[in-house]
Amino acid sequence: MRQQIIKFTVNGRQYELTIEPHMTLVEVLRDQLGLTGTKFSCGVGECGACTVLMDGKPTLSCCILAMSARDKNILTIEGLAERNLLHPIQKAFIDCGAIQCGFCTPGMILSTKALLDSNPNPTREEVKRGLAGNLCRCTGYVKIIDAVLAAAETIREGGKSYGQSE
Ligand code: FES
Ligand code: FES
């Protein structure tokens, strides 16, 4: 099949790429743009490790063709921090000990961002439901949920981002 041109925005930067039509979004992000923060694991929509935000919505980048992202806005984990300032969700995951191997973390954090953008004050149950598509085999989830609730509180109080040394 013939190569195709895709134009899209990733982390605020516009790209025009030549890709194979069968390429998935995760392949283009990782292999062509070098954005390896987006993880690839099951490849079949089961684990959520490949979650990115597409026009603000959590999207499994292993399950969609890159061409589906044409003219869309994609946010990957690399686009969340502002320069060297961590996003409050990132800071909360660190502070709450919600990261062990870290493989699930980018997807967890992006799903958390989508959840808190639509529901700034979620209950514990709502956090569980919001992250139901993201699997973690290290933490047992308790600390992840604690981190999401802590981040929500920080954001509600007007916290934007923190210096890494704070
Ligand atoms: S790698 Fe996409 S859902 Fe598991
Ligand atoms: S921290 Fe290892 S899979 Fe979640």
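This is a predicted model: local features need pLDDT of at least 70, side-chain atom pairs count only at pLDDT 80 or more; totals for chains, interfaces and linings use all residues.
Residues are numbered from 1 along each chain as its sequence is written, and chains are lettered from A and ligands numbered from 1 in the order in which they are written. Local features need pLDDT of at least 70, side-chain atom pairs count only at pLDDT 80 or more, and totals for chains, interfaces and linings use all residues, while side-chain values use heavy atoms, leaving out hydrogens and water.

Let's begin with the sheet. Five strands make an open, mixed sheet in the order β2-β1-β5-β3-β4. Strands here are DSSP runs of E with at least two residues, helices are runs of H or I with at least four, and both are numbered from the N terminus. Two strands pair if DSSP finds at least two bridges between them. β2 (13-19) and β4 (57-60) are at the edges with a single partner strand each, so one side of each has no neighbour in the sheet.

Look at β3 (residues 51-54) next: four bridges join it to β4, and the two run antiparallel. One pair to find is Leu53 with its bridge partner in β4, Pro58. These strands form a hairpin with two residues between them, and Asp55 in the turn has a positive phi of about 50 degrees.

Now, which strands does α3 lie across? They are β3, β4 and β5, and α3 runs at about 35 degrees to β3. That angle is between N-to-C directions, on a scale from 0 to 180 degrees, using lines fitted to C-alpha atoms, for helices over the stretch in contact.

Is α3 largely enclosed or open? In α3, 12 of the 14 residues are buried (under 20% relative accessible area, with a 1.4 Å probe and protein chains only), so the rest of the structure largely encloses it. Its cover includes β3, β4, β5, α2, α4 (124-130) and α5.

On to the cores, meaning buried Ala, Val, Leu, Ile, Met, Phe, Trp, Tyr and Cys residues joined through side-chain atoms within 4.5 Å. The largest nonpolar core has 24 residues, and Phe93, Met108, Leu116, Ile144 and Val148 touch the most other members. Helices α2 (88-95), α3 (105-118) and α5 (142-156) each supply at least two residues of this core. Domain 1 (4-79) and domain 2 (88-156), with bounds from an automatic or database domain assignment, both contribute residues, so this core lies between them. Another core, apart from this one, has 19 residues, including Phe8, Tyr15, Leu17 and Leu25.

Note on methods
Buried means under 20% relative accessible area, exposed over 50%, partly exposed in between (1.4 Å probe, protein chains only). Contact means heavy atoms within 4.5 Å.
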